[in-house]
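Dear colleague,

Please find the structure below for your records. My notes on its contents follow.

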Amino acid sequence: THDVTAAQAATPLLPQVKNIIAVASGKGGVGKSTVSTNLAVALARTGAKVGFLDADIYGPSAPTMFNCEHEQPGMEKEGEKTWIIPIEQYGVKIMSIGFLTPPDSPMIWRGPMATSAIRQFLGDTKWGELDYMVVDLPPGTSDIHLSLIQNVAVTGAVVVTTPQKVAIMDAQKGLAMFQQPQINVPVLGMIENMAYFTPKELPENKYYIFGKDGGKEMAERFKVPFLGEIPIVQEIRESGDNGYPAVLKDSITSEAFDQLAKEVAR
Ligand code: ADP
């Protein structure tokens with residue numbers, strides 16, 4: 001577990017959640033949801049109680065990545081309060097706006113609506129006691145980031161990037177946001193996704209399609225830990241689309257996610 005800084009939520013929602021891990025990125029499409037999904041499942045595989053909040057209100061992918069697209073959360077009345085019951089899959093309690101809206105409906109929401117949705121998901125979902133809640137944030141910096149930080153005590157952030165310059169530039173802004181004094185969320189580290197490609201027939205070769213070590217160098221510059229690199233693997237993409245997280249497949253790629261879970265749990 002990690003120290004929670006005083007600058008965050010004064011009376012946080014979710015006091016019964018021991019660690020809240022925010023997964024962020026500068027750009028979309030770098031694998032933030034893939035990493036957060038696999039991280040959550042990897043943590044659950046260690047025996048921890050894990051929740052997953054899909055806070056990417058404008059592009060929710062948890063229903064697909066956890067293969068529960070057709071599930072609808074139940075409601076439970078307790079006095080004045082109505083609880084939303086999270087969906088459970090692969091040992092993880094999941095909440096996503098995607099469960100409450102048809103998949104093809106556009107999310108044309110104003111900032112305040114998005115932030116109140118997040119507040120509701122945090123406060124009105126029956127999460128129970130958790131060791132970890134993994135929060136899949138929208139790309140970039142947004143009201144939703146601020147809303148999260150104002151409502152719960154975020155333990156730390158993991159920043160996902162791919163190695164190329166345009167992704168790194170945006171990731172830097174995201175990372176700098178967490179380090180601002182008024183935000184002050186500890187950055188647990190950087191993870192470099194789609195770091196290289198190794199063809200099956202050339203297992204010794206690594207092709208650095210998006211450039212080499214971009215994430216590692218950025219971690220050094222910002223003096224935050226480097227949590228490792230994940231190669232481009234067809235199986236990871238297929239796992240995402242099929243809703244069966246790659247970490248469950250016990251392959252070389254699952255080791256990378258198990259290792260990430262170990263680093264985060266430290
Ligand atoms: P983001 O959440 O940053 O928008 P996603 O996690 O949705 O990104 O990933 C974008 C696409 O790239 C998805 O189709 C996903 O399956 C794929 N993908 C992510 N990481 C990898 C990887 N390491 N190897 C192959 N495909 C990947």
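A residue is called buried if 20 or more other C-beta atoms lie within 10 Å of its own, exposed if 12 or fewer do, and partly exposed in between, with C-beta atoms placed from the backbone. This is a predicted model, in which local features need pLDDT of at least 70, side-chain atom pairs count only at pLDDT 80 or more, and totals for chains, interfaces and linings use all residues. Residues are numbered from 1 along each chain as its sequence is written. Helices (H or I, at least four residues) and strands (E, at least two) are DSSP runs, numbered from the N terminus.

Helix α5 covers residues 165-179. Its buried residues are A167, I168, A171, G174, L175, M177 and F178. Among the elements that cover them are β1 (17-25), α4 (143-151), β8 (156-161), β9 (187-197) and α6 (214-221).

Leaving aside residues up to four places away in sequence, A22 touches V135, L137, L148, V154, A157 and V185; contact requires C-beta atoms, placed from the backbone, to lie within 7 Å.

F121 lies in helix α3 (residues 111-123). F121 is buried, because 24 other C-beta atoms lie within 10 Å. With residues up to four places away in sequence not counted, F121 touches L53 and M95. The C-alpha atoms of F121 and W83 are separated by 9.7 Å, and the two residues are 38 residues apart along the chain.

Yours sincerely

Note on methods. The expected span of a helix is 1.5 Å times one less than its number of residues. Two residues are in contact if their C-beta atoms, placed from the backbone, lie within 7 Å.
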